[in-house]
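Colleague: I am new to this structure. Please take a close look at one part of it, the links and contacts between side chains, and give me one connected account.

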Amino acid sequence: SSDQIVEPDVNAYLTKLGYQPKYEVLIDNAEGQATTHLEKMQSFKSMGVNLIIGGGYSSFAAAALSYINQNNQLLLSPASTSPTLCQPDNLFRLAPNDYVQSPIIAEMLTSWGIKACLVIVRGETSPDGIYNIFEKEFPALGGKILGKIRYAPEVTEFSGYMETANNIISKAIEEYGAKNVAVLFLGYYEGVTLITQAASYPA
């Protein structure tokens, strides 16, 4: 654990360099909720903690951004990638942002002969950011976006969304042909459930 391995080593190194402050790790869990993540930032601030490694999900970082900026905290995110968070602030991100994904996806679909595309998007900062760029990039290459179906992150039952998607895709197939129509999914692990449920909808 960090108190047995990391802290003694780092503190020994700081002492060797002549620094007085001691390094201490505090670990907490946002339990998968952006609002809880913000509450943790506020709790850390009340303890005098201003350097936080967190905000792994872009939605978590976004929810805490205003607070950490106003309270001079630094949030170091190992995984946030949303293009919507590319701005000067107190969020430092170690992963490249998603600006590059949308042009590449648009090029990929075009190279496969896709003329029309329906997009299914998780309603969250990172997927929304990718879509916002894709909706410009794909039409610029001559593609048509058939629509955007946006679902809330807590959704586990996609049958209503699949019914809507099936109707849209069925009409598009009549116009463009099956080989020229695609569905683009922008989301996370729930894609497994979504694809499994999609098997019941022929188009």
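Modeller: The structure holds 0 disulfides, and the model is a predicted one. Of the cysteines, Cys-86 is partly exposed, with a relative accessible area of 36%. Cys-117, in contrast, is buried, and its relative accessible area is 0%.

Next come the charged pairs. Side chains of opposite charge can pair when their charged atoms come close. A search of the whole structure finds 4 salt bridges, and one of them joins Lys-40 to Asp-28, with the closest N and O atoms 3.2 Å apart. Lys-40 belongs to helix α2, while Asp-28 sits in the loop between α1 (6–17) and α2, so this pair links distant parts of the chain, 12 residues apart. Asp-28 is partly exposed: its relative accessible area is 45%, which lies between the 20% limit for buried and the 50% limit for exposed.

Another salt bridge is made by the side chains of Glu-124 and Arg-122, at 3.0 Å from N to O. Glu-124 has a relative accessible area of 13% and is therefore buried, as that value is under 20%. Arg-122 also counts as buried, at 6% relative accessibility. Arg-122 has a further salt bridge, with Glu-190, where the closest N and O atoms are 2.9 Å apart. Arg-122 lies in strand β4 (residues 116–122) and Glu-190 in the loop between β6 (181–186) and α7 (191–198), so the pair ties together parts that are 68 residues apart in sequence. Glu-190 counts as buried too, at 5% relative accessibility. Through shared partners, these salt bridges join Arg-122, Glu-124 and Glu-190 into one network.

Two packed helices are described by the angle between their axes and the distance between the axes. For α2 (residues 34–46) and α3 (residues 58–70), the axes come within 8 Å and cross at roughly 35°. The crossing of α2 and α3 is right-handed. On the α2 side, the residues in contact are Ala-34, His-37, Leu-38, Met-41, Gln-42 and Lys-45; on the α3 side, they are Ser-59, Phe-60, Ala-63, Ala-64, Tyr-67 and Ile-68. By class, this contact has 8 nonpolar, 3 polar and 1 charged residues.

Ala-34 shows one place in this contact in detail. Ala-34 is in helix α2, and, leaving aside neighbours within four places in sequence, Ala-34 is in contact with Ser-59, Phe-60 and Ala-63. Leu-194 is 160 residues from Ala-34 along the chain, and the C-alpha atoms of Ala-34 and Leu-194 are separated by 23 Å.

Ile-68, one of the α3 residues that meet α2, is also touched by Asn-90. Asn-90 is found in the loop between β2 (74–77) and β3 (91–93). Apart from Ile-68, Asn-90 touches Asn-69, Asn-72, Gln-73, Leu-74 and Leu-75, with residues up to four places away in sequence not counted. Asn-90 has 18% relative accessibility, so Asn-90 counts as buried under the 20% limit.

Conventions
Residues are numbered from 1 along each chain as its sequence is written. This is a predicted model: local features need pLDDT of at least 70, side-chain atom pairs count only at pLDDT 80 or more; totals for chains, interfaces and linings use all residues. Side-chain values use heavy atoms; hydrogens and water are left out. Axes are lines fitted to C-alpha atoms, for helices over the stretch in contact, and angles run from 0 to 180 degrees between N-to-C directions. Helices (H or I, at least four residues) and strands (E, at least two) are DSSP runs, numbered from the N terminus. A crossing is left-handed if the near helix is turned anticlockwise from the far one by less than a right angle, and right-handed if clockwise. Contact means heavy atoms within 4.5 Å. Ala, Val, Leu, Ile, Met, Phe, Trp, Tyr, Cys and Pro count as nonpolar, Asp, Glu, Lys and Arg as charged, and the others, Gly among them, as polar. A disulfide is a pair of cysteine sulfur atoms within 2.5 Å. Buried means under 20% relative accessible area, exposed over 50%, partly exposed in between (1.4 Å probe, protein chains only).
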